[in-house]
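Subject: Structure handover

Hello,

Here is the structure I promised to pass on. My notes follow below it.

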Amino acid sequence: MTAEEKPSATENAELDHDPIPEKENSEEYPLRKKNKLNWFFTPLALIGILFIAITISAFVRFAEDVSSLRPAEDLDQADAIVVLTGGTKRITQAVKLLEQGVGKMLFISGVNPDISDQTLQRVSGASQETFDCCIMLGRNAKNTIGNGKEITKWANKNDYKKLVVVTSNYHMIRSLYELKAVDKNTTFLPYPVATTDLKDTSWISDSDVIRALINEFAKLNYAYFRDFLNMKIANNSPS
(Lines give C-alpha, C1' and ligand atoms only; values in the text may rest on other atoms or scores of the structure.)
Protein backbone atom coordinates (compact mmCIF):
# COMPACT_ATOMS: atom_id res chain seq x y z
CA MET A 1 0.00 0.00 0.00
CA THR A 2 1.51 3.34 -1.11
CA ALA A 3 1.44 6.57 0.88
CA GLU A 4 -1.25 7.93 -1.41
CA GLU A 5 -3.51 4.90 -1.03
CA LYS A 6 -6.06 5.02 1.76
CA PRO A 7 -7.24 1.82 3.48
CA SER A 8 -10.77 0.75 2.73
CA ALA A 9 -13.50 0.54 5.34
CA THR A 10 -13.01 -3.22 5.55
CA GLU A 11 -9.31 -2.81 6.08
CA ASN A 12 -10.02 -0.20 8.73
CA ALA A 13 -12.26 -2.66 10.54
CA GLU A 14 -9.59 -5.32 10.33
CA LEU A 15 -6.99 -2.91 11.64
CA ASP A 16 -9.25 -1.86 14.52
CA HIS A 17 -10.07 -5.43 15.47
CA ASP A 18 -7.80 -6.97 18.08
CA PRO A 19 -8.03 -10.77 18.37
CA ILE A 20 -7.12 -10.43 22.08
CA PRO A 21 -9.28 -7.55 23.36
CA GLU A 22 -7.87 -5.40 26.14
CA LYS A 23 -9.53 -5.70 29.57
CA GLU A 24 -9.60 -1.95 29.79
CA ASN A 25 -6.46 0.00 30.42
CA SER A 26 -4.11 -2.21 32.45
CA GLU A 27 -3.38 0.64 34.85
CA GLU A 28 -6.90 2.03 35.24
CA TYR A 29 -8.74 -1.27 35.61
CA PRO A 30 -7.24 -2.37 38.95
CA LEU A 31 -7.64 1.15 40.27
CA ARG A 32 -11.35 1.05 39.53
CA LYS A 33 -11.58 -2.27 41.38
CA LYS A 34 -9.83 -0.80 44.40
CA ASN A 35 -12.11 2.20 44.40
CA LYS A 36 -15.12 -0.11 44.55
CA LEU A 37 -13.58 -1.97 47.50
CA ASN A 38 -12.81 1.29 49.27
CA TRP A 39 -16.52 2.04 49.51
CA PHE A 40 -16.76 -1.08 51.68
CA PHE A 41 -13.55 -0.86 53.69
CA THR A 42 -13.57 2.86 54.48
CA PRO A 43 -16.63 2.73 56.81
CA LEU A 44 -15.20 -0.33 58.53
CA ALA A 45 -11.88 1.46 59.04
CA LEU A 46 -13.64 4.50 60.48
CA ILE A 47 -15.69 2.33 62.82
CA GLY A 48 -12.51 0.53 63.91
CA ILE A 49 -10.67 3.79 64.54
CA LEU A 50 -13.65 5.16 66.47
CA PHE A 51 -13.89 2.00 68.57
CA ILE A 52 -10.17 2.12 69.41
CA ALA A 53 -10.37 5.82 70.32
CA ILE A 54 -13.38 5.24 72.60
CA THR A 55 -11.72 2.24 74.25
CA ILE A 56 -8.49 4.13 74.94
CA SER A 57 -10.44 7.09 76.29
CA ALA A 58 -12.50 4.82 78.56
CA PHE A 59 -9.36 3.07 79.80
CA VAL A 60 -7.67 6.37 80.64
CA ARG A 61 -10.81 7.43 82.52
CA PHE A 62 -10.81 4.11 84.39
CA ALA A 63 -7.15 4.59 85.39
CA GLU A 64 -7.95 8.13 86.60
CA ASP A 65 -10.91 6.84 88.63
CA VAL A 66 -8.70 4.21 90.24
CA SER A 67 -5.99 6.75 91.08
CA SER A 68 -8.56 9.07 92.69
CA LEU A 69 -10.03 6.43 95.02
CA ARG A 70 -9.79 7.29 98.71
CA PRO A 71 -11.01 5.56 101.89
CA ALA A 72 -14.53 6.51 102.94
CA GLU A 73 -14.72 9.12 105.70
CA ASP A 74 -17.28 7.41 107.94
CA LEU A 75 -15.41 4.14 108.56
CA ASP A 76 -16.10 4.40 112.28
CA GLN A 77 -19.82 3.85 111.58
CA ALA A 78 -19.26 0.46 109.94
CA ASP A 79 -20.71 -2.71 111.43
CA ALA A 80 -17.94 -4.92 110.04
CA ILE A 81 -15.05 -5.19 107.61
CA VAL A 82 -14.87 -7.46 104.59
CA VAL A 83 -11.76 -8.15 102.56
CA LEU A 84 -11.52 -9.84 99.17
CA THR A 85 -8.49 -12.10 98.95
CA GLY A 86 -5.92 -11.64 96.23
CA GLY A 87 -2.95 -10.20 98.08
CA THR A 88 -1.44 -10.33 101.56
CA LYS A 89 -1.40 -6.54 101.80
CA ARG A 90 -5.20 -6.44 101.62
CA ILE A 91 -5.56 -8.80 104.58
CA THR A 92 -2.95 -7.14 106.77
CA GLN A 93 -4.55 -3.73 106.16
CA ALA A 94 -8.00 -5.10 107.04
CA VAL A 95 -6.62 -6.54 110.28
CA LYS A 96 -5.09 -3.15 111.17
CA LEU A 97 -8.47 -1.51 110.69
CA LEU A 98 -10.10 -4.09 112.94
CA GLU A 99 -7.47 -3.53 115.63
CA GLN A 100 -8.08 0.22 115.36
CA GLY A 101 -11.70 -0.33 116.31
CA VAL A 102 -13.29 -0.18 112.85
CA GLY A 103 -16.20 -2.63 112.83
CA LYS A 104 -16.98 -5.51 115.15
CA MET A 105 -15.86 -8.34 112.88
CA LEU A 106 -13.66 -9.04 109.89
CA PHE A 107 -14.79 -11.39 107.15
CA ILE A 108 -12.15 -12.68 104.71
CA SER A 109 -13.84 -13.84 101.51
CA GLY A 110 -12.39 -16.24 98.96
CA VAL A 111 -9.85 -18.00 101.17
CA ASN A 112 -8.11 -20.88 99.41
CA PRO A 113 -9.41 -24.15 100.95
CA ASP A 114 -5.83 -25.47 101.00
CA ILE A 115 -4.65 -22.70 103.33
CA SER A 116 -5.02 -23.59 107.01
CA ASP A 117 -6.39 -21.22 109.63
CA GLN A 118 -3.00 -21.20 111.34
CA THR A 119 -1.21 -20.14 108.16
CA LEU A 120 -3.71 -17.39 107.48
CA GLN A 121 -3.50 -16.15 111.06
CA ARG A 122 0.29 -15.93 110.80
CA VAL A 123 0.20 -14.17 107.39
CA SER A 124 -2.49 -11.71 108.45
CA GLY A 125 -0.48 -10.43 111.39
CA ALA A 126 -3.46 -10.79 113.71
CA SER A 127 -2.97 -12.00 117.25
CA GLN A 128 -4.39 -15.41 118.08
CA GLU A 129 -6.96 -13.77 120.34
CA THR A 130 -8.16 -11.38 117.62
CA PHE A 131 -8.20 -14.15 115.03
CA ASP A 132 -10.28 -16.44 117.24
CA CYS A 133 -12.84 -13.85 118.36
CA CYS A 134 -13.28 -11.47 115.50
CA ILE A 135 -12.17 -12.94 112.16
CA MET A 136 -14.35 -15.18 110.04
CA LEU A 137 -13.30 -16.99 106.87
CA GLY A 138 -15.23 -17.64 103.68
CA ARG A 139 -13.85 -20.40 101.47
CA ASN A 140 -16.50 -20.75 98.76
CA ALA A 141 -15.88 -17.73 96.51
CA LYS A 142 -13.77 -18.40 93.42
CA ASN A 143 -13.97 -14.96 91.84
CA THR A 144 -15.33 -11.45 92.43
CA ILE A 145 -18.89 -12.49 91.61
CA GLY A 146 -18.56 -15.24 94.21
CA ASN A 147 -17.11 -12.73 96.68
CA GLY A 148 -20.21 -10.60 96.30
CA LYS A 149 -22.53 -13.50 97.02
CA GLU A 150 -20.44 -14.86 99.89
CA ILE A 151 -20.03 -11.47 101.57
CA THR A 152 -23.67 -10.40 101.32
CA LYS A 153 -24.86 -13.79 102.60
CA TRP A 154 -22.62 -13.45 105.66
CA ALA A 155 -23.62 -9.82 106.24
CA ASN A 156 -27.36 -10.51 105.97
CA LYS A 157 -27.04 -13.49 108.30
CA ASN A 158 -25.46 -11.22 110.94
CA ASP A 159 -27.73 -8.26 110.17
CA TYR A 160 -24.81 -6.01 109.19
CA LYS A 161 -25.98 -2.99 107.19
CA LYS A 162 -22.75 -1.06 106.68
CA LEU A 163 -19.54 -2.76 105.58
CA VAL A 164 -16.01 -1.54 104.94
CA VAL A 165 -14.74 -3.16 101.74
CA VAL A 166 -10.98 -3.73 101.59
CA THR A 167 -9.33 -4.69 98.31
CA SER A 168 -6.70 -3.38 95.89
CA ASN A 169 -7.39 0.03 94.39
CA TYR A 170 -7.58 -1.28 90.81
CA HIS A 171 -10.04 -3.99 91.97
CA MET A 172 -12.30 -1.71 94.04
CA ILE A 173 -14.63 -0.39 91.32
CA ARG A 174 -15.62 -3.85 90.11
CA SER A 175 -15.86 -5.20 93.65
CA LEU A 176 -18.33 -2.51 94.66
CA TYR A 177 -20.28 -3.05 91.45
CA GLU A 178 -20.65 -6.81 92.08
CA LEU A 179 -21.53 -6.28 95.75
CA LYS A 180 -24.23 -3.71 94.96
CA ALA A 181 -25.59 -5.94 92.20
CA VAL A 182 -26.29 -8.64 94.81
CA ASP A 183 -27.35 -6.45 97.74
CA LYS A 184 -28.75 -2.97 97.17
CA ASN A 185 -29.78 -2.50 100.80
CA THR A 186 -26.32 -2.69 102.36
CA THR A 187 -23.98 0.31 102.41
CA PHE A 188 -20.45 -0.48 101.20
CA LEU A 189 -17.63 1.82 102.29
CA PRO A 190 -14.51 1.54 100.12
CA TYR A 191 -11.05 1.19 101.60
CA PRO A 192 -8.73 0.81 98.60
CA VAL A 193 -5.27 -0.59 99.16
CA ALA A 194 -2.82 1.06 96.78
CA THR A 195 -0.38 -1.50 95.43
CA THR A 196 0.96 1.15 93.01
CA ASP A 197 0.72 4.94 93.19
CA LEU A 198 -1.09 5.74 89.95
CA LYS A 199 -0.60 9.46 90.48
CA ASP A 200 3.08 8.83 89.77
CA THR A 201 3.20 8.60 85.97
CA SER A 202 6.06 6.07 86.14
CA TRP A 203 3.41 3.32 86.32
CA ILE A 204 2.86 3.79 82.58
CA SER A 205 6.17 2.02 81.94
CA ASP A 206 5.44 -0.81 84.41
CA SER A 207 4.17 -3.78 82.38
CA ASP A 208 2.75 -5.52 85.47
CA VAL A 209 0.63 -2.49 86.40
CA ILE A 210 -0.54 -1.99 82.81
CA ARG A 211 -1.47 -5.67 82.56
CA ALA A 212 -3.42 -5.58 85.83
CA LEU A 213 -5.31 -2.43 84.83
CA ILE A 214 -6.17 -3.73 81.36
CA ASN A 215 -7.32 -7.04 82.81
CA GLU A 216 -9.51 -5.31 85.40
CA PHE A 217 -10.85 -2.84 82.83
CA ALA A 218 -11.88 -5.72 80.56
CA LYS A 219 -13.58 -7.59 83.42
CA LEU A 220 -15.45 -4.49 84.53
CA ASN A 221 -16.80 -3.87 81.04
CA TYR A 222 -17.75 -7.53 80.76
CA ALA A 223 -19.77 -7.13 83.97
CA TYR A 224 -21.52 -4.07 82.53
CA PHE A 225 -22.28 -5.89 79.27
CA ARG A 226 -23.45 -9.02 81.10
CA ASP A 227 -25.94 -7.10 83.20
CA PHE A 228 -27.10 -5.06 80.19
CA LEU A 229 -27.90 -8.28 78.32
CA ASN A 230 -29.63 -9.76 81.33
CA MET A 231 -31.77 -6.64 81.66
CA LYS A 232 -32.70 -6.78 77.96
CA ILE A 233 -33.62 -10.46 78.23
CA ALA A 234 -35.71 -9.82 81.34
CA ASN A 235 -37.54 -6.91 79.68
CA ASN A 236 -38.30 -8.91 76.53
CA SER A 237 -39.41 -12.09 78.26
CA PRO A 238 -43.17 -12.66 78.53
CA SER A 239 -44.60 -11.91 81.96
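This is a predicted model: local features need pLDDT of at least 70, side-chain atom pairs count only at pLDDT 80 or more; totals for chains, interfaces and linings use all residues.

Contact here means heavy atoms within 4.5 Å. Axes are lines fitted to C-alpha atoms, for helices over the stretch in contact, and angles run from 0 to 180 degrees between N-to-C directions. Helices (H or I, at least four residues) and strands (E, at least two) are DSSP runs, numbered from the N terminus.

Residues are numbered from 1 along each chain as its sequence is written, and side-chain values use heavy atoms, with hydrogens and water left out.

The sheet

Five strands make an open sheet, ordered E3-E2-E1-E4-E5, with parallel pairing. Two strands pair if DSSP finds at least two bridges between them. Strand E3 (135-138) and E5 are the edges; each has a single partner strand, so one side of each lacks a neighbour in the sheet. The twist averages 25° from one strand to the next.

E1 and E4 pair in the parallel sense over four bridges. Val83 has Val166 in E4 as its bridge partner. E4 and E5 also pair in the parallel sense, over seven bridges. Here Val165 is bridged to Pro190 in E5, and Ser168 to Val193 in E5.

Buried means under 20% relative accessible area, exposed over 50%, partly exposed in between (1.4 Å probe, protein chains only). By that cut-off, seven of the seven residues of E4 are buried. In E5 the count is six of seven, so E5 is largely enclosed by the rest of the structure. H6 lies across E1, E2, E3, E4 and E5, and runs at about 150° to E2.

The cores

A nonpolar core is a set of buried Ala, Val, Leu, Ile, Met, Phe, Trp, Tyr and Cys residues joined through side-chain atoms within 4.5 Å. The largest one has 39 residues. Those with the most contacts inside it are Ile81, Leu106, Trp154, Leu163, Val164 and Val166. Elements giving two or more residues to this core include strand E1 (80-84), strand E2 (105-109), helix H6 (144-157), strand E4 (162-168) and strand E5 (187-193). Another core, of seven residues, lies apart from it; Phe59, Val66, Leu213 and Leu220 are among its members.

What does Leu106 touch, not counting residues up to four places away in sequence? The list is Ile81, Val82, Val83, Ala94, Val95, Leu98, Cys134, Ile135 and Met136.

Helix packing

H3 and helix H4 (residues 117-124) pack at about 75°, with axes 9 Å apart. They are therefore roughly perpendicular to each other (65 to 115 degrees; under 35 is roughly parallel, over 145 roughly antiparallel, the rest oblique). Thr88, Ile91, Thr92 and Val95 in H3 meet Leu120, Val123 and Ser124 in H4.

Glu178 sits in helix H7. Is Glu178 buried or exposed? Glu178 counts as buried, at 4% relative accessibility. Neighbours within four places in sequence aside, Glu178 is in contact with Thr144, Ile145, Ala223 and Arg226.

Best wishes
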